[in-house]
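Subject: Structure handover, aromatic rings

Hello,

Here is the structure for you to open. Please keep it on screen while you read my notes below.

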Amino acid sequence: MKSDIEIARSIELRKIKELAKSVNMPEDKVTHYGRHIAKVDIDLIDEEKVKKNNLILVTAITPTKAGIGKTTVSVGLALGMNKIGKNAIVALREPSLGPCFGMKGGAAGGGYAQVLPMEKINLHFTGDFHAITTANNMISALLDNYIYQHRDNGFGLKEILWRRVLDINDRSLRYIVTGLGPKTNGVTQESGFDITPASEIMAILCLAKDEEDLRRRIENILLGYTYDNKPFTVKNLGVAGAIITLLKDALSPNLVQTTENTPAFVHGGPFANIAHGCNSILSTKLAMTFSDYTITEAGFGADLGAEKFYNIKCRKAGLNPKLTVLVVTARALKMHGGVSQDIISEPNLEALKEGVANMDKHLKNLASFGQTVVVAFNRYGDDTEEEINFVREHCAAQGIGFAVNNAFVEGGAGAIELANLVVKAIDENPSKEMNFTYTDEDDVKTKITKVTQNLYGANLITFSPTAKKKLAMIEELGYSHFPICIAKTQYSFSTNAKLINAPSGFDFHVQDIVINAGAEMLVVISGEIMRMPGLPAKPQALYIDIVNGEIEGLS
């Protein structure tokens, strides 16, 4: 079979003007970024159509280090639904350059279920990530300058919370010292970098409902505390106008197409292990405006992405999915059954039987939100019929719909079984009112406890001295009504990446709590999770190149 990038190149793309016209987007509301990419005005969102749309979330069991193919299933489902005559649009996140040149090599789907043009989407695209990075670091520069210019007047910050960001995996930048050298270089202080998907600006962009809301949220960003313990915000800095100017174009969602020339929105890119893991509310609502069925995804496993999709995104945007699709693979199930990563492609029915406990835990969690759930078995070439049939029968015994997805190899035709299952499930038993894990009124400790005990399976919840200090500060500042965004490893329900399958009774330790006053959420840092990843021993950058004018190594 051809590589992802070879398949992408073999597809004859529709002009973006024609693609927009095919779903009745007004031409004057579509700004072209070349022949095959456009930005769409957010004032096209029709809330009445949004209410009538069938929103579908695609999530997954706890993944392997190679992933689980959730984006491929999301795109494949959209293709399959269009194949059976339904008007479906997929809405995804933008890839980050960090994983692209680090572990993954790309994140635009795979095989014959991709969003295109994949090279541009995986690299600089429309510049949204650059705008977010620039806006974040512009605040850092303006804050440092403000402190420098007002230092002789006695102004200073006792604690600076705002960090710089870069969309590259670079462990050397996690902790740095700025302002070294002569006095004219600024005030010497500790600082550090997070990766751009962890930036509060990214979260704000994905949660803002319009430009006015964007401004309000930017103004509310908490930068630090003065020596008399007062919060210092972007509004105090007086530069919100400059920051939203940098983000003006990035606020508009990006329109692209699939390998079968159907529309797709790709916008925003927070990671689910260190941020809230969902594409922008604006792009989801645009997709819902111009389709009858909207397929979107949430990052990593359902304990991270789906939980945050429901408890943060749906809570804030008033969304209520009609259905959730849980993606499973035989490889992941076997890994959770105790098989080492290097041999999970080999048949092992006994390990797979052990590993279904991970799937069952996710199914139980998703049901707790009031969701109707179906299972999509994302097929690999080395999967056996015996393995597939066991999972099918296991789901049937629980009354869970099951379908095999083969969109990677066959495109939309390989997702027809899944598409028919999804339509039937929505027609017969759509998800009812959303059940959130906690209420806005719950205190922060209670929110953390409800998620970690009820969804993860934790027993004892402990807090570091830093976290305890933040809890008191959150209460004092009036931020305790914010939803929580737990940052932890994606490879386990716990904070220990090696504790696989469906563990229970473990301790859950909270290291720190980051107040995102602009994004209006509290990021709970747990375990050894890093908001600036490092590169692996053999990064994908070793294989990315331009050969005869064509980009190679993106997959």
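Start with F377 and F402: both are buried. Keep in mind that this is a predicted model.

Next, the overall count. There are eight aromatic pairs here. A pair of aromatic rings is described by the distance of the centres and the angle of the planes.

Take F155 and F232. Their ring centres lie 5.3 Å apart, and their planes meet at 55 degrees. Planes under 30 degrees apart would count as stacked and over 60 as edge-to-face, so this pair is tilted.

Where do F155 and F232 lie? F155 is in the loop between α7 (128-149) and β7 (157-160). F232 is in strand β13 (residues 231-233). The pair therefore ties together parts that are 77 residues apart in sequence.

F232 is buried, with a relative accessible area of 5%. Both rings also belong to one aromatic cluster, together with Y146.

Now back to F377 and F402. Their ring centres are 6.1 Å apart and their planes are at 55 degrees, so this pair is tilted. F377 sits in strand β18 (residues 373-378). F402 sits in strand β19 (residues 401-405). The pair thus links parts that are 25 residues apart in sequence.

Last, two arginines over rings. R151 lies over the face of Y148, 4.1 Å from the ring centre. R163 lies over the face of Y175, at 5.6 Å from the ring centre.

Best wishes

Terms used. Residues numbered from 1 in each chain as written. Predicted model: local features only at pLDDT ≥ 70, side-chain atom pairs only at ≥ 80, totals over all residues. Heavy atoms only, no water. Phe/Tyr/Trp six-rings, centres within 6.5 Å; stacked < 30°, edge-to-face > 60°. Helix = DSSP H or I, 4+ residues; strand = E, 2+ residues; numbered from the N terminus. Buried < 20%, exposed > 50% of the residue type's maximum accessible area, 1.4 Å probe, protein only. Lys NZ or Arg CZ within 6 Å of the ring centre and 35° of its normal.
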